[in-house]
Structure formats: C-alpha cells, structure tokens
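Hello,

I am passing a structure on to you, and my notes on it follow below. Please open it alongside the text and tell me what you think.

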Amino acid sequence: MQTDREAPAAPPGPDIRSSTGPSNGPGIGSGTPVPATPAPATGKPLLRALAGEAPWPPPMWLMRQAGRYLPEYRAIRAEAGDFVTLCTTPELAAEVTLQPIRRYGMDGAILFSDILMVPWALGQGLRFAEGEGPILDPVRDSAGLAALNPRQIVARVAPILETVRRVSAGLAAESPRTALIGFAGSPFTVACYMVEGRGGRDFAAARGLAYADPMLFGRLMRLLVEATTEYLCAQAEAGAEALMLFDSWAGLLPPSQFRRWVIEPTSQIVRAVRRRHPLVPIIGFPRLAGALLPEYAQRTGVGTVAMDTATDPRWAAAAVPREIALQGNLDPLAVVAGGAALEAEARTLLAAMRGRPFIFNLGHGLVPPTPPEHVAALVRLVRTG
C-alpha cells in the first residue's frame, strides 16, 4: 500500500522452496488453510464484520484516508520533511493516523506507514524522491540478497511499533469504537519494488527474475515471508486489532505465477500469524486478481478479502463464500467527483453487499485532489445505510 508517497506510483507449514519447481494448480503447499478463529464479542463495528457478522449500516474506513487531500496532513508532512522520517517518528505518524478519525469518525484507523518499511528494515537502501516516488538499491543477485538482515527487523521497526502503541492509546481515549488496523505489503508486491529498485507499472525486472531464476526469487520470497510475519506479529503485540496484507501488483501475474508467488506466500504468512495471534483478523487485498479472487479467498486463509475497483461486487458476493467478509470497492474518482455520481455508485455497492459481512471501503486509495467535504458526504451516506 502506498500510504502517501511523493508520486503515484516461518513456522511449520508449506515451505515456499516448493515454488522453485513446477507449479500447475491449486494443490500447492499443505492445501487446507488454518481457519480463522472468530473474534470475541465486541462493540466495535469493524471487528464484528471481520468476525463474520453483518452489521448495518456497514462499518467503513478508506484506503489512504490519511494523506495529501487533508490540509492537516500537509502541515505534518511539511514538518517532517522526509517521508521515511514521517513514517519513523511516532508522534508525527500517530497524529497523521488519527487525523481522519477525528475528522470523520471512521470505524477503522489504519497505521500510517508504507509497505516499503520492510525492505528498509531489512537494510535495503530506500529514499522517496520528489516527483518520482520510492528509489531503492535493487536486489537482483545473491550478493544483494545476502546483504539483507532479517535479524534486525524488529529493532529497526521499533519506532513504527511505538506509533501503533500511541494510536491504540489515542483511540481508546478519543474514539473507542474505532479499531486499529496494522498492515504490511505482501511478499510479491514488496519484491517487485526490491528487484525493480523503484515504482512502476509492469515491474518487468521482478517478473523476469521470477521466470529466469526462480531459485533466487524464491529465496527472496522466503525472506519476505519471514520478515513480514515477524512485522505483523509485532504490530499485533503492540495493539493492532486487525491486520491487512496489500498485494497491489498481484494482478500482473498469470494464474500459475499468481498461485505460486501470491497465494502460497500469503497462506504461509496467514498460518504463521494465526498460530501466534489466533484472534486477530486478517484482510487480504490481491489487487486486480480478477477471476482468481475466490481462489485467493479460500486458499490463503484470510478472513476478509478486499475488492479492487475493477471487481463487480455482485459477482464477488456470489463467488466468495459468505463466511469470508468482503471489503471495498468504491472508485476513488467517484469521491473526487462527488454529488450524484458519488451517491449512485455508493448506493449500488451498498445494495450489492447488504446481508453479508462487509466493510465499506474504496477499490484503491484516496487521491490528493479529493475534496475533504466529499469524504464527509460519503460517510454520511454510508451511515444512513
């Protein structure tokens, strides 16, 4: 997930080493995911939906709800100067996380951070260039991979964990019905940036490496499974009440590669996290998964699947088992437009999801031109059901 970049842009279980050989279908790994354990009864609407209930009106939060469209965010961003500094300064990151909760009363507060904090914590060089987005030192060979250090990850992300603790305390004091969501990037999407060395639209270097040297790419993915598991568990221990995995570039892969590099590693992370934190719900977002969305939902073991903008919610409601909650998927540009267009799109989505576990959200993140008053109008509309 890009929270607000400067430009658009394990424990026992199936070993991803099996991915270095051929992969031809759904029989990869151990097959049966560990089922989610329902959360205990709670008054928080988001956690109720994540536990399989269908409260109405549905709970809501919005991807990239903390960001450049908010004047209060822009003031904090200017104070921080550097984006990595903003993500690793707990008092600033906590304040940014809480800003949309104070303004809109969202049911979910998602930690303000970035999916690339995992490679940063592993020791990969990372900076955010004005007008360019993330710039990383590319990892494309064994030497680059050997330079990464998974043993340092929890120590390196300590400031982010302090942000989680501060937000948890802030929500308890200011908005006790709001649940705190921690997150990480899924291994394939994070690997795209690590191999490419920057943002992009097709990530040809990363996809090419997965074909040309699946042994090396598999080693990178195993490292990311381990690091991501530790990072998510640390967030849960610091106070995150739900966790989300963003696979923003999953849709770049054909089905065989999707199963190999998206479903398998995600299922490994879900099983490993659930062994240590069985009550913490997990949301998966395989952006542009298309017809593979139901398979992802069932085989990864996530309890909730986020739909992207291109997904027909009526199809998803029929194709994804009802015990798996759905989240999404309003077009962010409908929020920019506002007015009748926003109302029509939101009501269509609500009608498609009524009667099943559902979290109202977007199909991608809010964009900088979004008028804050349009977000407020959307919140009012959803609240009325």
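Seven of the eight residues of helix 13 are buried, so this helix is largely enclosed by the rest of the structure. Buried here means under 20% relative accessible area, with exposed over 50% and partly exposed in between (1.4 Å probe, protein chains only). Helices (H or I, at least four residues) and strands (E, at least two) are DSSP runs, numbered from the N terminus. Before going on, please keep in mind that this is a predicted model, in which local features need pLDDT of at least 70 and side-chain atom pairs count only at pLDDT 80 or more, while totals for chains, interfaces and linings use all residues. Residues are numbered from 1 along each chain as its sequence is written, and side-chain values use heavy atoms, leaving out hydrogens and water.

The buried residues of helix 13 are Leu293, Pro294, Glu295, Tyr296, Ala297, Arg299 and Thr300. They pack against helix 12, strand 6 (282-286), strand 7 and helix 14 (313-319), where contact means heavy atoms within 4.5 Å. After helix 13 comes Gly301, with a positive phi near 90°.

Helix 12 (residues 255-276) packs on helix 13 (residues 293-300) at an angle of about 35°, and their axes are 9 Å apart. Axes are lines fitted to C-alpha atoms, for helices over the stretch in contact, and angles run from 0 to 180 degrees between N-to-C directions. From helix 12, the contact uses Phe258, Arg259, Val262, Ile263, Thr266, Ser267 and Val270, and from helix 13 it uses Glu295, Tyr296, Arg299 and Thr300. Sorted by class, that makes five nonpolar, three polar and three charged residues. For these classes, Ala, Val, Leu, Ile, Met, Phe, Trp, Tyr, Cys and Pro count as nonpolar, Asp, Glu, Lys and Arg as charged, and the others, Gly among them, as polar.

Val270 of helix 12 is worth a look. Val270 is buried, with a relative accessible area of 1%. Leaving aside residues up to four places away in sequence, Val270 touches Leu245, Ile282, Thr300, Gly301 and Val302. Leu243 is 27 residues from Val270 in sequence, and their C-alpha atoms are 10.0 Å apart.

Seven strands form an open sheet in the order 1-4-5-6-7-8-9, with parallel pairing; two strands pair if DSSP finds at least two bridges between them. Strand 1 (108-110) and strand 9 (358-362) are at the edges with a single partner strand each, so one side of each has no neighbour in the sheet. On average, neighbouring strands of this sheet are turned by 25° against each other, direction ignored.

Strand 8 pairs with strand 9 in the parallel sense over five bridges, and Leu326 stands opposite Phe358. With strand 7 (residues 304-306), strand 8 (residues 325-330) makes three bridges, also parallel, and there Ala306 faces Gln327.

Elsewhere, helix 11 (residues 214-238) lies across strand 4 (179-185) and strand 5 (242-247), at about 170° to strand 4. Helix 10 (residues 204-212) packs on helix 11 at about 115°, with the axes 5 Å apart. The residues of that contact are eight nonpolar, no polar and no charged.

Best wishes
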